[in-house]
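User: I would like to learn how to read the features of a structure, taking the general idea before the particular case. Could you go through this one with me?

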Amino acid sequence: MPEQTKPHVTVLGLGRMGAPIASAFLNAGYPTTVWNRTAAKADALVAQGAIRATTTTEAVAAGQLVIAPLLDHDAVRQALGPTASALQGRTLVNLANSTPDHARELAAWAAGHGADYLDGAMMALPETVATPEAFFLYSGSQRAFTTYRRELEVMAPAHYFGTDAGSAEVHDLALLGTGYAALTGFLHAAALLGSVGTTPEMFAPLAARWLHGMAGFLPELAREAGSAAYADGVSTVDLNRAGVDSLIQLSRASDIATDVHEPLKALLDRRSADGHGRDSFSSVFELLRSRGTAER
Ligand SMILES: NC(=O)c1ccc[n+]([C@@H]2O[C@H](COP(=O)([O-])OP(=O)(O)OC[C@H]3O[C@@H](n4cnc5c(N)ncnc54)[C@H](OP(=O)(O)O)[C@@H]3O)[C@@H](O)[C@H]2O)c1
């Protein structure tokens, strides 16, 4: 796209994430208007070439693409509430951490004021914005994603999850859940290793190497769970039941909490009791995807 046809971008919210996002658009040569509740946070960006807006309505009116990396849903509502009359024909990208229902509510509100809406989740740290390490998730208006994909990719590689505005937030929470399980496992292991004199710092590189290998196992796990094909898995329910049981026994003997692995042991026990001990480990998916069955 020739320089002069770059759309005007507005960034609402110049916190830890918003400031590097606005800076990335300036570095990429986009005319960029910025607004922040605490006005002084815009100073460095104005020095970099940004246009300062003094109200959110002025900011929204200036941008064809309005990006809002604000704190949360309430902040977005408060900042955007007065701008309804300026939203017509704009594309609004809400990057605040939110719930799927809040995302859907905002999508309906934006549509009611003539704006296209994309909900986004930032899988990034402030220092990884505009680097290949970051990736952002989007859902909502297909037209908005297609029209502005180039601009979205100024911030981070962009992934689109369909027209349901809540879908990006569900994917965000799914990724968080995956990470929480792994990181809590690491913290438990670090506590356990204290008993043999290994510090968390010493353990971290070993754990990182192991997790890297585990990541390579995900496609196989996904294939089994996706097709309910549990008969020929490399690692059975009973084998892993014994492994998790050993971990719990060692934790007890070392006076370390067993809270992290007791729920997994319960799932494996139930699978085994139901006659599925020789199925693949991935078959616990059958209990997880049916809450009624898992909580019986
Ligand atoms: N930081 C991270 O590592 C990270 C990573 C991924 C995703 N996120 C998500 O990104 C979003 C922004 O996070 P952040 O780290 O940039 O937060 P932050 O540094 O605390 O910045 C929050 C921004 O929201 C504004 N704000 C808060 N309440 C407001 C209100 N009622 N009205 C108008 N503006 C308001 C703040 O304005 P003031 O400057 O006036 O306070 C500031 O611009 C959050 O949803 C967060 O969960 C953060």
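User: How many strands form the open sheet, and in what order?

Analyst: This is a predicted model, in which local features need pLDDT of at least 70 and side-chain atom pairs count only at pLDDT 80 or more, while totals for chains, interfaces and linings use all residues. Residues are numbered from 1 along each chain as its sequence is written, and side-chain values use heavy atoms, with hydrogens and water left out. Strands of a sheet pair through backbone hydrogen bonds, either parallel or antiparallel. Here 8 strands form an open sheet with mixed pairing, in the order β3-β2-β1-β4-β5-β6-β7-β8. β3 (51-52) and β8 (158-160) stand at the edges with a single partner strand each, so one side of each is left without a neighbour in the sheet. Strands (E, at least two residues) and helices (H or I, at least four) are DSSP runs, numbered from the N terminus, and two strands pair if DSSP finds at least two bridges between them.

User: How many bridges join β5 to β6, and which residue is the bridge partner of N94?

Analyst: Strands β5 (residues 91-94) and β6 (residues 116-123) run parallel and are joined by 4 bridges; the partner of N94 in β6 is D119. Helix α5 (residues 100-112) packs on the sheet, where it touches β5 and β6, and its direction makes about 150° with that of β6. Contact means heavy atoms within 4.5 Å, and angles run from 0 to 180 degrees between N-to-C directions of axes fitted to C-alpha atoms, for helices over the stretch in contact.

User: Is H73 buried or exposed, and which residues does H73 touch?

Analyst: H73, in helix α4 (residues 73-80), is buried, with a relative accessible area of 7%; buried means under 20%, exposed over 50% and partly exposed in between, with a 1.4 Å probe and protein chains only. Leaving aside residues up to four places away in sequence, H73 touches N97, S98, H102, E105 and L106.

User: How many aromatic pairs does a search of the whole structure find?

Analyst: A pair of aromatic rings is described by the distance of the centres and the angle of the planes. The search finds 4 aromatic pairs, among them F25 and Y30, which are edge-to-face at 5.6 Å centre to centre, with 90° between the planes. The rings of Y138 and F145 have centres 5.9 Å apart and planes at 50°, so that pair is tilted. Rings of Phe, Tyr and Trp (its six-membered ring) pair if their centres lie within 6.5 Å, and planes under 30 degrees apart count as stacked, over 60 as edge-to-face and the rest as tilted. Ring pairs also link Y138, F145 and Y160 into a cluster.
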